[in-house]
Each structure stands twice: as C-alpha cells, then as structure tokens.
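Colleague: I'm new to this one. Can you walk me through it?

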Amino acid sequence: MDIRSLRYFVEVVQLNGFSRAAEQLFVTQPAISRSIKKLEDELGYSVLIREKEGVRLTDEGIILLTHAKQILAQFKSMEQALKEKSGALTGVLPVGLPPVIASTYFADIIMAFSQRYPQVELKILELGTRKMRDAMLNGEVETAAVMLPFDDERFDLHVFSTDRLMLLVNEQHPLAKRDHVKFIELVKQPFIFFSDDFLINELVVSACGIYGYKPVISGRSSHLDLVTGLVRAGVGITLLPDSMWHNTSSDGLAIIPVVEPTLTYDLALATLKCHQKSRRAQAWHNLAITMLNISKS
C-alpha cells in the first residue's frame, strides 16, 4: 500500500468517479483503476462499486476512507515539517475557533501572532464541536480551541478557562428585570439555537431533559450576530457564554444568570496526539499557552 493509491482512492470518492479523478490528478483513468485494484488486492476487500451515477463505497471502503484521509493529512504535515525545518515561518495556518468565544479569548492572540509572524496567513475557521473534530482529523484544521467534552482519546487538551451560560432576552421580556432565573422557568420558552453541531445546544437540551421537557426551537443560525438579533427582535431567548459580554455590546438585551442548574463548561486548546505539528502550529500553540496562562505541567 502506498500514499499514491490512497490519494487516488480518496479523489475518486470525493469526485464520485474515476474519469473526474483522472482529470483532477492529471493521470490516466486506467492508471487510477490499476492502483485501486492493487489496493483492494492488498487489503483483501473490495472498497468501491462502480455505478451509472458514479461510485459507491462498500462497508470496508467507508472504513478505508476515514483512515486514508487521516494518513494523507499526516503525510502532508510531515512533508511541510521537513520543508519548514528552518528559516522564517511562512504559509497558511488553519486555526479552529468556536464562534461564540473566538473574539473573547483570541483577539489579542491573533494580533500578537500576526505581529510576530507576518509572513504566516492565519486562516480562522469558526466551527461547532462536531465539525471541529472532523476538520482536525481530516487535516483541515491543525490547532483549535474547543468546548469540552471533546474526544480526548485522540487529542491533547489544555484547559484554559471555565465559563457559564447566561440567559439573553429582549429588554422588554418579562424576565428582563430579574437578578437570576431558575432553568425550570425557561423550559416552555421559545429558544434561538445555533446550528446542530454546537455544544451549547446540547447543554440546553440536557438541562430541559432534567425537567422532562424538550426545548421549543423558534430559530437557528450558525452566526452569532443573527442569533442575538433574533433575541433582540423578541423571536425567542438564548443562552450564551458569560465571558463574551465583558467586551461586547449588549444593547437591547438583558443578560441574566441561570441557576438550578448552572450550565458550566470548560474550554481547551486541542491538538491531535501522535501528530507532528508544523512550525507554524507550534508557534501558535506556544503563544496561546503563554497568553492564556495555561500551566505546562
């Protein structure tokens, strides 16, 4: 089994066809067919089934695709590490950040990194928990900040903060003048949720479940501005981290502590275990460790 065969296999799957993969890779279609046939012979399994519409993965092919993407990502990282062994840091660094905490904790780190390493282009990807995990495993994100719990068996995690969710309501809402709110008072309220892969949603659903309710969802968005805009408009309520309001305008909103239960979670820096970081990623990681005051012990 070689890297080229895995690359051919992944391209055929992603482009849904041998001919399209051949055009993309600038090789002949028979060469790709022979390479994947050799791969199947070595594995002892069929991994692809040709169909009129393109190709279909077998059960074994699904397993191979997951591992092939990870192997290719690690191989690419190794090549980059060898090329970048010395000299000024350059290139693109994909960093994953949860949208709701990106500016709160990382604005100063982004600025400091850009000043120290001006030839590195930071590519900030704002993703929810599930998409962040998949992006890191597929090599699309090299270093990230995540909300816990996370898949800690495959990742090194460095906790840097504990945060809590606060209730956000329109300033005309009946709860707006309260000093605190018990969660049981919210279970029948219409909620504004983030998109499906955000951990905040799961915290709210679990808290509603304590009281035997499923949340009523009146709107969803992956964009923080739209979520808060819908709350300002009175479409529903939402819960967002306490930390984000320290330096953010809350005009038109009331921000109220929630108790019984208090919804808390940890935030952590995440990198893949057994993965050679690029010099760019290592520089970002070291700077974040320092500026977030994370103990290295």
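Colleague: Where is serine 221 found?
Modeller: Serine 221 sits in the loop between β9 (216-220) and α8 (224-232). Keep in mind that this is a predicted model.

Colleague: Is serine 221 buried or exposed?
Modeller: Buried. Its relative accessible area is 8%, and the cut-off for buried is under 20%.

Colleague: What does serine 221 touch, leaving out residues up to four places away in sequence?
Modeller: Phe193, Phe194, Ser195, Leu226 and Val227.

Colleague: Let's switch to threonine 238. Which strand is it found in?
Modeller: Threonine 238 belongs to strand β10, which covers residues 238-241.

Colleague: And is threonine 238 buried or exposed?
Modeller: Threonine 238 is buried, because its relative accessible area is 2% and buried means under 20%.

Colleague: What does the side chain of threonine 238 reach?
Modeller: The backbone oxygen of isoleucine 192, at 2.8 Å. Isoleucine 192 is also one of the residues that threonine 238 touches, not counting those up to four places away in sequence.

Colleague: Now the charged residues. How many salt bridges does a search of the whole structure find?
Modeller: Four. One of them joins glutamate 202 and arginine 130, at 2.6 Å from N to O. Glutamate 202 lies in helix α7 and arginine 130 in helix α6 (residues 129-137), so the pair ties together parts that are 72 residues apart in sequence.

Colleague: How accessible are glutamate 202 and arginine 130?
Modeller: Glutamate 202 has 32% relative accessibility and counts as partly exposed. Arginine 130 is partly exposed too, at 35%.

Colleague: Which residue forms a salt bridge with glutamate 51?
Modeller: Arginine 56, with the closest N and O atoms 2.7 Å apart. Glutamate 51 is partly exposed at 37%, and arginine 56 is partly exposed at 41%.

Colleague: Which residues of α7 are buried?
Modeller: Leu199, Ile200, Asn201, Leu203, Val204, Ala207 and Cys208.

Colleague: What about isoleucine 210, is it buried or exposed?
Modeller: Exposed. Its relative accessible area is 58%, and exposed means over 50%. Isoleucine 210 has its place in helix α7, residues 199-210.

Colleague: Which residues form a nonpolar patch on the surface?
Modeller: Ile184, Ile210, Tyr211 and Tyr213. Together they have about 350 Å² of accessible area.

Colleague: One last thing. Which glycine follows α7?
Modeller: Glycine 212. Its phi is positive, near 80°.

Definitions and conventions. Residues are numbered from 1 along each chain as its sequence is written. This is a predicted model: local features need pLDDT of at least 70, side-chain atom pairs count only at pLDDT 80 or more; totals for chains, interfaces and linings use all residues. Side-chain values use heavy atoms; hydrogens and water are left out. Helices (H or I, at least four residues) and strands (E, at least two) are DSSP runs, numbered from the N terminus. Buried means under 20% relative accessible area, exposed over 50%, partly exposed in between (1.4 Å probe, protein chains only). A polar contact is a pair of N or O atoms within 3.5 Å; within protein, one must be able to donate a hydrogen and the other to accept it, and residues adjacent in sequence count only if both atoms are side-chain atoms. Contact means heavy atoms within 4.5 Å. Patches are made of residues with over 30% relative accessible area and no salt bridge: like charges are joined within 9 Å, nonpolar side chains (Val, Leu, Ile, Met, Phe, Trp, Tyr) within 5 Å. Accessible areas come from the Shrake-Rupley method with a 1.4 Å probe; for residues, only the protein chains shown count as cover. A salt bridge is a side-chain nitrogen of Lys or Arg within 4 Å of a carboxyl oxygen of Asp or Glu.
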